[in-house]
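Please look through the sequence and the model shown below before reading on. The paragraphs that follow lead from charged pairs to strands, then to aromatic rings and the surface.

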Amino acid sequence: MTRLPLATIALALIASSVSAQSTQAWRAHDPERPKPPVVTPAETLGQPPSDAIVLFDGSNLDQWSGPDGQPAGWAIRDGYMETAPGAGPLLTRRAFGDAQLHIEFATPSRVQGAGQGRGNSGVILMGLYEVQVLDSYENLTYADGQAAAIYGQYPPLVNASRAPGAWQTYDIVFRRPRFGADTRITSPARLTVFHNGVLVQDAEPLWGPTTWLQHLAYKRHPDTLPLVLQDHDNPVRYRNIWIRPLGDIARPGGLASASTTVIVPTAVLRAYAGNYAMPNGDPVGTIRLTGGRLTLLMPGSPRERELVLVPITRDRFHLLHTAGTVAFTRSGRETTMRLRFAEIDRVGTRR
(Lines give C-alpha, C1' and ligand atoms only; values in the text may rest on other atoms or scores of the structure.)
Protein backbone atom coordinates (compact mmCIF):
# COMPACT_ATOMS: atom_id res chain seq x y z
CA MET A 1 0.00 0.00 0.00
CA THR A 2 1.36 3.41 -0.97
CA ARG A 3 1.48 6.14 1.65
CA LEU A 4 1.00 9.59 0.22
CA PRO A 5 4.12 11.20 1.77
CA LEU A 6 6.33 9.03 -0.46
CA ALA A 7 5.26 10.99 -3.52
CA THR A 8 6.15 14.22 -1.75
CA ILE A 9 9.56 12.83 -0.74
CA ALA A 10 10.34 11.70 -4.28
CA LEU A 11 9.27 14.89 -5.99
CA ALA A 12 11.46 16.97 -3.70
CA LEU A 13 14.68 15.35 -4.94
CA ILE A 14 16.72 16.63 -7.85
CA ALA A 15 16.50 14.58 -11.06
CA SER A 16 18.10 14.69 -14.46
CA SER A 17 16.22 14.18 -17.68
CA VAL A 18 16.65 11.37 -20.21
CA SER A 19 17.44 12.64 -23.66
CA ALA A 20 15.40 11.27 -26.51
CA GLN A 21 17.09 9.36 -29.29
CA SER A 22 16.70 10.67 -32.82
CA THR A 23 14.82 8.46 -35.27
CA GLN A 24 14.67 8.14 -39.01
CA ALA A 25 13.26 5.82 -41.63
CA TRP A 26 15.36 2.83 -42.67
CA ARG A 27 15.17 0.32 -45.49
CA ALA A 28 15.34 -3.30 -44.36
CA HIS A 29 18.81 -4.76 -43.65
CA ASP A 30 20.61 -1.43 -44.06
CA PRO A 31 24.24 -2.04 -42.98
CA GLU A 32 24.54 1.62 -41.94
CA ARG A 33 21.80 1.30 -39.34
CA PRO A 34 23.32 1.81 -35.85
CA LYS A 35 24.16 -1.43 -34.05
CA PRO A 36 22.99 -2.08 -30.46
CA PRO A 37 25.63 -1.75 -27.75
CA VAL A 38 27.17 -4.98 -26.47
CA VAL A 39 26.08 -6.14 -23.01
CA THR A 40 27.56 -9.19 -21.34
CA PRO A 41 24.85 -11.23 -19.61
CA ALA A 42 25.52 -12.77 -16.22
CA GLU A 43 26.53 -16.41 -16.02
CA THR A 44 23.78 -17.03 -13.45
CA LEU A 45 20.15 -16.15 -14.10
CA GLY A 46 19.03 -13.17 -12.01
CA GLN A 47 22.51 -11.73 -11.54
CA PRO A 48 23.32 -8.28 -12.98
CA PRO A 49 24.50 -7.95 -16.58
CA SER A 50 27.54 -5.85 -17.39
CA ASP A 51 25.64 -2.56 -17.81
CA ALA A 52 23.56 -2.80 -14.62
CA ILE A 53 23.85 -0.54 -11.59
CA VAL A 54 24.01 -2.72 -8.49
CA LEU A 55 21.85 -1.09 -5.83
CA PHE A 56 22.32 -3.75 -3.17
CA ASP A 57 24.75 -6.69 -3.14
CA GLY A 58 24.26 -7.65 0.48
CA SER A 59 27.20 -5.72 1.91
CA ASN A 60 26.11 -2.11 2.48
CA LEU A 61 23.44 0.54 1.93
CA ASP A 62 25.69 3.08 0.20
CA GLN A 63 23.22 3.43 -2.69
CA TRP A 64 20.31 4.23 -0.36
CA SER A 65 19.15 6.89 2.04
CA GLY A 66 16.27 7.32 4.45
CA PRO A 67 13.62 10.05 4.21
CA ASP A 68 14.92 13.62 3.84
CA GLY A 69 18.41 12.35 3.00
CA GLN A 70 18.95 10.74 6.40
CA PRO A 71 21.16 7.63 6.62
CA ALA A 72 19.41 4.42 5.63
CA GLY A 73 18.10 2.80 8.79
CA TRP A 74 17.34 -0.74 7.63
CA ALA A 75 19.27 -3.68 9.07
CA ILE A 76 21.78 -5.77 7.07
CA ARG A 77 22.49 -9.39 7.90
CA ASP A 78 23.43 -12.55 5.98
CA GLY A 79 23.43 -10.80 2.59
CA TYR A 80 20.00 -9.20 2.84
CA MET A 81 18.49 -6.02 4.22
CA GLU A 82 15.34 -5.89 6.30
CA THR A 83 12.90 -3.19 7.25
CA ALA A 84 13.45 -1.84 10.77
CA PRO A 85 10.70 -0.57 13.07
CA GLY A 86 10.23 3.16 12.59
CA ALA A 87 13.04 3.46 10.03
CA GLY A 88 10.75 4.58 7.22
CA PRO A 89 11.23 3.92 3.49
CA LEU A 90 14.51 3.61 1.62
CA LEU A 91 15.20 5.84 -1.39
CA THR A 92 17.96 5.37 -3.94
CA ARG A 93 20.51 8.16 -3.95
CA ARG A 94 20.37 8.15 -7.74
CA ALA A 95 17.30 9.00 -9.74
CA PHE A 96 15.85 6.78 -12.46
CA GLY A 97 13.19 6.95 -15.14
CA ASP A 98 12.76 4.21 -17.74
CA ALA A 99 14.41 1.13 -16.28
CA GLN A 100 14.69 -2.62 -16.02
CA LEU A 101 14.73 -3.61 -12.35
CA HIS A 102 15.55 -6.92 -10.68
CA ILE A 103 14.76 -7.31 -7.01
CA GLU A 104 14.39 -10.27 -4.66
CA PHE A 105 12.29 -10.27 -1.49
CA ALA A 106 11.08 -12.55 1.25
CA THR A 107 8.10 -12.04 3.52
CA PRO A 108 8.32 -13.33 7.12
CA SER A 109 8.42 -17.11 7.49
CA ARG A 110 6.36 -16.77 10.66
CA VAL A 111 2.85 -15.91 9.54
CA GLN A 112 1.22 -13.14 11.51
CA GLY A 113 -1.84 -11.15 10.55
CA ALA A 114 -3.98 -11.50 7.46
CA GLY A 115 -4.76 -9.65 4.25
CA GLN A 116 -2.76 -6.44 4.00
CA GLY A 117 -1.16 -7.17 7.37
CA ARG A 118 1.02 -10.04 6.10
CA GLY A 119 4.46 -9.12 4.70
CA ASN A 120 3.37 -5.76 3.34
CA SER A 121 5.91 -3.57 1.52
CA GLY A 122 6.24 -2.13 -1.95
CA VAL A 123 8.61 -1.43 -4.84
CA ILE A 124 7.76 2.10 -5.93
CA LEU A 125 9.17 3.29 -9.25
CA MET A 126 9.97 7.00 -9.19
CA GLY A 127 8.42 7.04 -5.71
CA LEU A 128 5.02 7.22 -7.42
CA TYR A 129 4.19 3.95 -9.18
CA GLU A 130 4.00 0.92 -6.88
CA VAL A 131 4.32 -2.80 -7.47
CA GLN A 132 2.90 -4.30 -4.29
CA VAL A 133 4.93 -6.63 -2.07
CA LEU A 134 2.77 -8.87 0.12
CA ASP A 135 2.57 -12.41 1.44
CA SER A 136 -0.14 -13.60 -0.95
CA TYR A 137 0.42 -17.32 -0.41
CA GLU A 138 -2.96 -18.64 0.73
CA ASN A 139 -3.78 -15.14 1.97
CA LEU A 140 -6.87 -13.46 0.60
CA THR A 141 -7.03 -9.70 0.12
CA TYR A 142 -8.44 -7.34 -2.48
CA ALA A 143 -7.15 -8.26 -5.94
CA ASP A 144 -5.44 -4.96 -6.78
CA GLY A 145 -3.57 -5.05 -3.47
CA GLN A 146 -2.06 -8.53 -3.55
CA ALA A 147 1.54 -9.39 -4.41
CA ALA A 148 2.63 -8.15 -7.87
CA ALA A 149 -0.42 -5.90 -8.21
CA ILE A 150 0.05 -2.42 -9.58
CA TYR A 151 -1.37 -1.07 -6.37
CA GLY A 152 -4.98 0.03 -6.58
CA GLN A 153 -5.07 -0.33 -10.37
CA TYR A 154 -4.21 -3.74 -11.85
CA PRO A 155 -4.32 -7.16 -10.14
CA PRO A 156 -1.61 -9.55 -11.38
CA LEU A 157 -2.66 -11.88 -14.19
CA VAL A 158 -1.98 -14.84 -11.87
CA ASN A 159 -0.89 -15.35 -8.27
CA ALA A 160 2.67 -16.70 -8.56
CA SER A 161 3.52 -16.29 -4.86
CA ARG A 162 5.82 -18.66 -3.01
CA ALA A 163 5.32 -19.74 0.58
CA PRO A 164 6.16 -17.36 3.46
CA GLY A 165 9.90 -17.03 4.06
CA ALA A 166 10.85 -18.20 0.56
CA TRP A 167 12.85 -15.86 -1.65
CA GLN A 168 10.89 -14.42 -4.56
CA THR A 169 11.81 -12.27 -7.55
CA TYR A 170 10.34 -9.34 -9.41
CA ASP A 171 11.71 -8.48 -12.82
CA ILE A 172 10.18 -5.19 -13.82
CA VAL A 173 10.28 -3.10 -16.98
CA PHE A 174 9.10 0.44 -16.34
CA ARG A 175 8.41 3.18 -18.83
CA ARG A 176 7.88 6.59 -17.30
CA PRO A 177 5.02 8.87 -18.35
CA ARG A 178 5.63 11.51 -21.02
CA PHE A 179 4.29 15.03 -20.74
CA GLY A 180 3.69 17.60 -23.46
CA ALA A 181 4.84 21.19 -23.41
CA ASP A 182 1.50 22.20 -21.91
CA THR A 183 2.02 19.71 -19.00
CA ARG A 184 -0.69 17.36 -20.27
CA ILE A 185 0.11 13.64 -20.34
CA THR A 186 1.05 12.40 -23.82
CA SER A 187 1.92 8.83 -22.87
CA PRO A 188 1.10 7.10 -19.57
CA ALA A 189 3.54 5.19 -17.43
CA ARG A 190 3.68 1.47 -18.26
CA LEU A 191 4.69 -1.50 -16.17
CA THR A 192 5.64 -5.02 -17.15
CA VAL A 193 6.26 -7.41 -14.25
CA PHE A 194 7.51 -10.98 -14.02
CA HIS A 195 6.88 -12.55 -10.60
CA ASN A 196 9.10 -15.58 -10.00
CA GLY A 197 9.60 -15.77 -13.76
CA VAL A 198 5.87 -15.61 -14.55
CA LEU A 199 4.42 -12.71 -16.54
CA VAL A 200 1.89 -11.00 -14.28
CA GLN A 201 1.70 -7.44 -15.68
CA ASP A 202 1.91 -6.97 -19.45
CA ALA A 203 2.89 -3.38 -20.35
CA GLU A 204 -0.09 -2.06 -18.41
CA PRO A 205 -0.81 1.69 -18.83
CA LEU A 206 -1.17 3.37 -15.43
CA TRP A 207 -4.03 5.78 -14.78
CA GLY A 208 -1.77 7.97 -12.65
CA PRO A 209 0.31 7.57 -9.48
CA THR A 210 -0.73 4.63 -7.32
CA THR A 211 -2.24 5.35 -3.93
CA TRP A 212 -4.65 4.14 -1.27
CA LEU A 213 -8.40 4.81 -1.42
CA GLN A 214 -8.35 7.20 -4.36
CA HIS A 215 -7.26 7.76 -7.95
CA LEU A 216 -4.65 10.43 -8.57
CA ALA A 217 -4.33 12.22 -11.88
CA TYR A 218 -0.95 12.68 -13.50
CA LYS A 219 0.93 15.85 -12.65
CA ARG A 220 4.07 16.82 -14.48
CA HIS A 221 7.20 15.64 -12.67
CA PRO A 222 10.91 15.22 -13.48
CA ASP A 223 11.98 12.55 -15.96
CA THR A 224 13.94 10.72 -13.25
CA LEU A 225 13.18 10.21 -9.56
CA PRO A 226 14.44 7.80 -6.89
CA LEU A 227 13.30 4.22 -6.54
CA VAL A 228 11.60 3.67 -3.18
CA LEU A 229 11.24 0.57 -1.01
CA GLN A 230 8.32 0.91 1.35
CA ASP A 231 8.40 0.33 5.10
CA HIS A 232 4.95 -0.85 6.12
CA ASP A 233 5.86 -2.03 9.63
CA ASN A 234 6.32 -5.64 8.45
CA PRO A 235 9.82 -7.25 8.53
CA VAL A 236 10.27 -7.80 4.79
CA ARG A 237 13.70 -8.72 3.45
CA TYR A 238 15.36 -7.67 0.19
CA ARG A 239 18.50 -8.79 -1.63
CA ASN A 240 20.19 -8.79 -5.07
CA ILE A 241 18.82 -5.50 -6.35
CA TRP A 242 20.07 -4.10 -9.65
CA ILE A 243 18.74 -1.73 -12.26
CA ARG A 244 19.43 -0.92 -15.90
CA PRO A 245 18.42 2.60 -16.96
CA LEU A 246 16.73 2.48 -20.36
CA GLY A 247 16.76 5.25 -22.92
CA ASP A 248 13.84 6.23 -25.08
CA ILE A 249 13.01 3.54 -27.63
CA ALA A 250 14.39 4.62 -31.00
CA ARG A 251 11.54 3.75 -33.33
CA PRO A 252 12.09 4.07 -37.08
CA GLY A 253 10.31 7.06 -38.53
CA GLY A 254 8.64 4.81 -41.09
CA LEU A 255 9.42 2.38 -43.86
CA ALA A 256 12.03 3.98 -46.08
CA SER A 257 11.97 3.42 -49.82
CA ALA A 258 14.35 4.07 -52.67
CA SER A 259 13.54 6.85 -55.14
CA THR A 260 13.69 6.63 -58.91
CA THR A 261 16.40 8.88 -60.34
CA VAL A 262 16.31 7.84 -64.02
CA ILE A 263 13.85 6.48 -66.55
CA VAL A 264 15.05 3.28 -68.21
CA PRO A 265 13.51 2.33 -71.57
CA THR A 266 11.26 -0.72 -71.50
CA ALA A 267 13.42 -2.43 -74.13
CA VAL A 268 16.43 -2.24 -71.79
CA LEU A 269 14.43 -3.55 -68.87
CA ARG A 270 13.09 -6.42 -70.96
CA ALA A 271 16.65 -7.45 -71.79
CA TYR A 272 17.35 -8.08 -68.10
CA ALA A 273 14.38 -10.39 -67.48
CA GLY A 274 15.09 -14.07 -66.93
CA ASN A 275 16.42 -16.69 -64.53
CA TYR A 276 19.94 -16.22 -63.15
CA ALA A 277 22.17 -18.91 -61.69
CA MET A 278 25.74 -19.32 -60.47
CA PRO A 279 28.27 -21.41 -62.42
CA ASN A 280 27.47 -24.47 -60.26
CA GLY A 281 23.81 -24.17 -61.18
CA ASP A 282 22.56 -22.77 -57.88
CA PRO A 283 19.83 -20.18 -58.56
CA VAL A 284 20.48 -16.53 -57.74
CA GLY A 285 17.05 -15.16 -58.59
CA THR A 286 14.45 -14.47 -61.23
CA ILE A 287 14.00 -11.04 -62.81
CA ARG A 288 10.55 -10.25 -64.17
CA LEU A 289 9.21 -7.26 -66.08
CA THR A 290 5.74 -6.43 -64.79
CA GLY A 291 3.81 -3.24 -65.46
CA GLY A 292 6.86 -1.41 -66.77
CA ARG A 293 9.12 -2.20 -63.80
CA LEU A 294 11.52 -4.95 -62.86
CA THR A 295 10.98 -7.26 -59.90
CA LEU A 296 13.27 -9.79 -58.24
CA LEU A 297 12.02 -13.16 -57.00
CA MET A 298 14.45 -14.92 -54.68
CA PRO A 299 14.83 -18.71 -54.92
CA GLY A 300 12.12 -20.49 -52.95
CA SER A 301 10.06 -17.33 -52.37
CA PRO A 302 6.36 -17.25 -53.33
CA ARG A 303 5.37 -15.03 -56.22
CA GLU A 304 3.69 -12.47 -53.95
CA ARG A 305 7.06 -11.71 -52.32
CA GLU A 306 8.69 -10.27 -55.42
CA LEU A 307 10.99 -7.35 -54.64
CA VAL A 308 10.53 -4.19 -56.70
CA LEU A 309 13.68 -2.74 -58.32
CA VAL A 310 14.17 1.02 -58.59
CA PRO A 311 16.63 2.22 -61.25
CA ILE A 312 19.69 4.26 -60.26
CA THR A 313 21.24 4.03 -63.71
CA ARG A 314 20.35 2.03 -66.83
CA ASP A 315 22.07 -1.06 -65.42
CA ARG A 316 22.02 -0.61 -61.63
CA PHE A 317 18.98 -0.78 -59.37
CA HIS A 318 18.07 -0.34 -55.72
CA LEU A 319 15.67 -2.69 -53.95
CA LEU A 320 12.60 -0.58 -53.09
CA HIS A 321 12.29 -1.32 -49.35
CA THR A 322 15.53 -3.22 -48.69
CA ALA A 323 19.04 -1.77 -48.53
CA GLY A 324 20.64 -3.52 -51.49
CA THR A 325 21.47 -3.32 -55.17
CA VAL A 326 21.08 -5.35 -58.33
CA ALA A 327 23.58 -4.62 -61.11
CA PHE A 328 23.51 -6.02 -64.64
CA THR A 329 26.39 -6.46 -67.05
CA ARG A 330 25.88 -7.36 -70.70
CA SER A 331 28.64 -8.86 -72.84
CA GLY A 332 27.53 -10.02 -76.24
CA ARG A 333 24.57 -12.34 -75.69
CA GLU A 334 25.44 -12.99 -72.04
CA THR A 335 23.80 -11.05 -69.24
CA THR A 336 25.20 -11.23 -65.70
CA MET A 337 23.48 -10.05 -62.52
CA ARG A 338 25.16 -9.21 -59.24
CA LEU A 339 22.84 -9.20 -56.23
CA ARG A 340 24.03 -7.53 -53.01
CA PHE A 341 21.98 -7.03 -49.83
CA ALA A 342 22.26 -7.94 -46.14
CA GLU A 343 25.00 -10.61 -46.10
CA ILE A 344 24.31 -11.80 -49.64
CA ASP A 345 26.69 -11.10 -52.51
CA ARG A 346 25.97 -13.39 -55.47
CA VAL A 347 26.73 -13.27 -59.14
CA GLY A 348 24.70 -15.23 -61.67
CA THR A 349 24.33 -15.52 -65.41
CA ARG A 350 21.02 -15.58 -67.21
CA ARG A 351 20.08 -19.09 -68.35
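**Charged pairs, strands and rings**

Aspartate 98 and arginine 178 join their side chains in a salt bridge, with 2.7 Å from N to O; the term is used when a side-chain nitrogen of Lys or Arg lies within 4 Å of a carboxyl oxygen of Asp or Glu. This is a predicted model, in which local features need pLDDT of at least 70 and side-chain atom pairs count only at pLDDT 80 or more, while totals for chains, interfaces and linings use all residues. Residues are numbered from 1 along each chain as its sequence is written, and side-chain values use heavy atoms, with hydrogens and water left out.

Because aspartate 98 belongs to the loop between β5 (90–92) and β6 (99–106) and arginine 178 to strand β10 (residues 178–179), their pair ties together parts that are 80 residues apart in sequence. Strands (E, at least two residues) and helices (H or I, at least four) are DSSP runs, numbered from the N terminus. With a relative accessibility of 2%, aspartate 98 counts as buried; buried means under 20% relative accessible area, exposed means over 50%, and partly exposed is in between, as computed with a 1.4 Å probe and protein chains only.

Arginine 178 also meets aspartate 248 in a salt bridge between side chains, at 2.3 Å from N to O. This pair links distant parts of the chain, since arginine 178 is in strand β10 and aspartate 248 is in the loop between β15 and α2, 70 residues apart. That loop runs between β15 (237–245) and α2 (266–272), and aspartate 248 within it is buried, with a relative accessible area of 13%. Asp98, Arg175, Arg178 and Asp248 are linked in a network of salt bridges.

What does a search of the whole structure find in the way of salt bridges? It finds 14 of them, and another one of these joins the side chains of aspartate 182 and arginine 184, at 2.7 Å from N to O. Here aspartate 182 counts as partly exposed, at 41% relative accessibility, and arginine 184 counts as exposed, at 60%.

The strands come next. Strand β7 (residues 121–125) is joined to β8 by five bridges, and the two run antiparallel; valine 123 has valine 131 in β8 as its bridge partner.

Elsewhere in the chain, β16 and strand β17 (residues 283–290) run antiparallel and are joined by four bridges, with alanine 277 standing opposite proline 283 in β17. The hairpin of β16 and β17 has five residues between the strands, and glycine 281 in this hairpin takes a positive phi near 95°. β17 in turn pairs with strand β18 (residues 293–297) in the antiparallel sense over five bridges, and threonine 290 stands opposite arginine 293 in β18. In the hairpin of β17 and β18, with two residues between the strands, glycine 291 takes a positive phi near 60°.

The structure also holds twelve aromatic pairs, where rings of Phe, Tyr and Trp (its six-membered ring) pair if their centres lie within 6.5 Å, planes under 30 degrees apart counting as stacked, over 60 as edge-to-face and the rest as tilted. Tyrosine 129 and tyrosine 218 have ring centres 6.3 Å apart and planes at 45°, so their pair is tilted. Because tyrosine 129 lies in strand β8 (residues 129–133) and tyrosine 218 in the loop between β13 (198–205) and β14 (228–229), the pair ties together parts that are 89 residues apart in sequence. Both tyrosine 129 and tyrosine 218 are buried.

The rings of tyrosine 276 and phenylalanine 328 also form a tilted pair, because their centres are 6.1 Å apart and their planes stand at 55°. This pair links distant parts of the chain, with tyrosine 276 in strand β16 (residues 274–277) and phenylalanine 328 in strand β21 (residues 324–331), 52 residues apart. Tyrosine 276 is buried, with a relative accessible area of 2%, and phenylalanine 328 counts as buried at 4% relative accessibility. Tyr129, Phe174, Phe179 and Tyr218 form one aromatic cluster.

Note on methods
Pairing = 2+ DSSP bridges.
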